[in-house]
Amino acid sequence: MKLKIGVTVSGAGSLLDAMIQDGLPIGIVVADRPCHGLEIAYKANIPIRLVDRRRYGYKAGGADFDRPGFTEHITRNLLEQGVNLVAMAGFMTIFSPWIFRHFRGRIINSHPSLLPDFKGKHAVFDALAAGVAVTGTTIHIATEQLDEGPILAQERVPILEGDTEATLWERIKQVERPLYPRTIRNFSTTV
Ligand code: GRF
């Protein structure tokens with residue numbers, strides 16, 4: 001099957017940029033909010049969609065977010081574009097289980113810690129706060145459970161004296177930028 005990747009973003013998009021530089025076949029980039037990642041995709045002439053989660057009732061701390069509706073909208077965009085592999089690249093909204101009906105085993109995520117340690121959205125901060133000497137990155141197949149699923153690649157990153165969340169996260173990303181595209185390539189030959 002010819003590989004067509006759908007990338008989901010919420011932020012700076014530097015992992016997306018690394019995938020583009022690598023020449024991976026990206027069919028669409030979807031964001032859950034206006035973000036720099038969408039601009040990177042637009043400049044690279046990749047089709048983009050903004051499925052703003054606020055339109056589905058998302059509010060920080062709020063309870064009435066229509067997560068199923070939001071997830072179905074994104075899933076529809078990915079399917080319409082003929083995507084057969086989804087790569088989350090700094091995507092910050094948890095999907096409802098619906099997406100796994102269509103893409104089970106075909107959604108990959110890069111997470112900035114050595115899973116199963118430090119799951120969740122504050123992984124870099126939590127590693128610093130825990131005082132561990134080493135953290136890193138994990139690339140894994142996503143499942144309904146947050147930051148779980150079969151691990152495809154892991155790389156360690158030492159925590160240095162004086163590290164802040166920002167300096168440590170940037171060093172982790174420097175490892176992720178080559179590792180994520182390489183892992184996607186290897187994985188895509190097996191599906
Ligand atoms: C990466 O560290 C990734 O592990 C995490 O979000 C970050 C994305 O960075 N899930 P960017 O937006 O691609 O620069």
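This is a predicted model: local features need pLDDT of at least 70, side-chain atom pairs count only at pLDDT 80 or more; totals for chains, interfaces and linings use all residues.

Analyst: What covers the buried residues of helix α1 includes β1 (5-9), β2 (26-31), α2 (36-43), β4 (85-88), β5 (107-111) and α6 (165-188).

User: Which residues of helix α1 are called buried, and what makes them so?

Analyst: In α1 (residues 14-22), they are Ser14, Leu15, Leu16, Ala18, Met19 and Ile20. The word applies because buried means under 20% relative accessible area.

User: What makes a set of residues a nonpolar core, and which members of the largest one touch the most others?

Analyst: Such a core joins buried residues of kinds such as Val, Leu, Ile, Met and Tyr through side-chain atoms within 4.5 Å. The largest has 27 residues, and Val7, Leu16, Met19, Val29, Tyr180 and Ile184 touch the most other members. Elements that give two or more residues to this core are β1, α1, β2, α2, β4, β6 (134-141) and α6. Apart from it lies another core, of 18 residues, including Tyr56 and Phe103.

User: Why are β3 and β7 said to stand at the edges of the sheet?

Analyst: The open sheet has 7 strands in the order β3-β2-β1-β4-β5-β6-β7, with mixed pairing. β3 (48-50) and β7 (151-158) each have a single partner strand, so one side of each is left without a neighbour in the sheet.

User: How do you know that β5 and β6 pair, and in which sense?

Analyst: Pairing requires at least two bridges. β5 and β6 have 4 bridges in the antiparallel sense, so they count as a pair by this rule.

Note on methods. Residues are numbered from 1 along each chain as its sequence is written. Side-chain values use heavy atoms; hydrogens and water are left out. Buried means under 20% relative accessible area, exposed over 50%, partly exposed in between (1.4 Å probe, protein chains only). Contact means heavy atoms within 4.5 Å.
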